[in-house]
Amino acid sequence: MSAASHEPLSLAVPASGPVPRDFWGLTGAIAMVGLALGTVLPLSALRLAHAGHTTTTIGWLLAWHALGQVAALPLTTPLVRHW
């Protein structure tokens, strides 16, 4: 099968019929990342507080992942449209 015969990936859910496997895979991956961050970030905050760091330092350190996501947003849209 040649690469030219492949249809572009679409995350749109069809109006009728089963939901594509890619949609559920992507949804599951996003959920796992969210669960991991929801578990690790509070534990990291507790460890940092126990080590004597200020609340300002803890807040900035734990906010870097969200700031990185916001900074990467302008890059991801063109990459997703390309593929």
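Reader: Starting with Trp-64, is that residue buried or exposed?

Author: In this predicted model, Trp-64 has a relative accessible area of 53%, and because the cut-off for exposed is over 50%, Trp-64 counts as exposed.

Reader: And Trp-60, buried or exposed?

Author: Trp-60 is exposed as well, with a relative accessibility of 52%, and this residue is found in helix H2, which covers residues 55–82.

Reader: How far apart along helix H2 are Trp-60 and Trp-64?

Author: They are four residues apart in H2, so about one helical turn separates Trp-60 from Trp-64.

Reader: Which nonpolar patch on the surface includes them?

Author: Trp-60 and Trp-64 form a nonpolar surface patch together with Leu-61 and Leu-67, and the accessible area of these residues together is about 470 Å².

Reader: Switching to rings, how many aromatic pairs does a search of the whole structure find?

Author: The search finds two aromatic pairs. In one of them, Phe-23 and Trp-24 are arranged edge-to-face, with 5.3 Å from centre to centre and 70° between the planes. The rings of Trp-60 and Trp-64 also pair, with centres 6.5 Å apart and planes at 45°, so that pair is tilted.

Reader: What about the accessibility of Phe-23 and Trp-24?

Author: Phe-23 is partly exposed, at a relative accessible area of 25%, whereas Trp-24 counts as exposed, at 52%.

Reader: Where in H2 is the kink?

Author: The kink lies at Leu-73, shortly before the proline Pro-74, and amounts to about 45°.

Reader: How many helices and strands does the protein have?

Author: The protein has two helices and zero strands. Helix H1 takes in residues 21–50, and Val-40 is one of its residues.

Reader: How far is Val-40 from Leu-62, and how accessible is Val-40?

Author: Their C-alpha atoms are separated by 10.0 Å, although Val-40 and Leu-62 are 22 residues apart along the chain. Val-40 has a relative accessibility of 45% and therefore counts as partly exposed.

Definitions and conventions. Residues are numbered from 1 along each chain as its sequence is written. This is a predicted model: local features need pLDDT of at least 70, side-chain atom pairs count only at pLDDT 80 or more; totals for chains, interfaces and linings use all residues. Side-chain values use heavy atoms; hydrogens and water are left out. Patches are made of residues with over 30% relative accessible area and no salt bridge: like charges are joined within 9 Å, nonpolar side chains (Val, Leu, Ile, Met, Phe, Trp, Tyr) within 5 Å. Accessible areas come from the Shrake-Rupley method with a 1.4 Å probe; for residues, only the protein chains shown count as cover. A salt bridge is a side-chain nitrogen of Lys or Arg within 4 Å of a carboxyl oxygen of Asp or Glu. The bend at a residue is the angle between axes fitted to the seven residues ending there and the seven starting there. Buried means under 20% relative accessible area, exposed over 50%, partly exposed in between (1.4 Å probe, protein chains only). Rings of Phe, Tyr and Trp (its six-membered ring) pair if their centres lie within 6.5 Å; planes under 30 degrees apart count as stacked, over 60 as edge-to-face and the rest as tilted.
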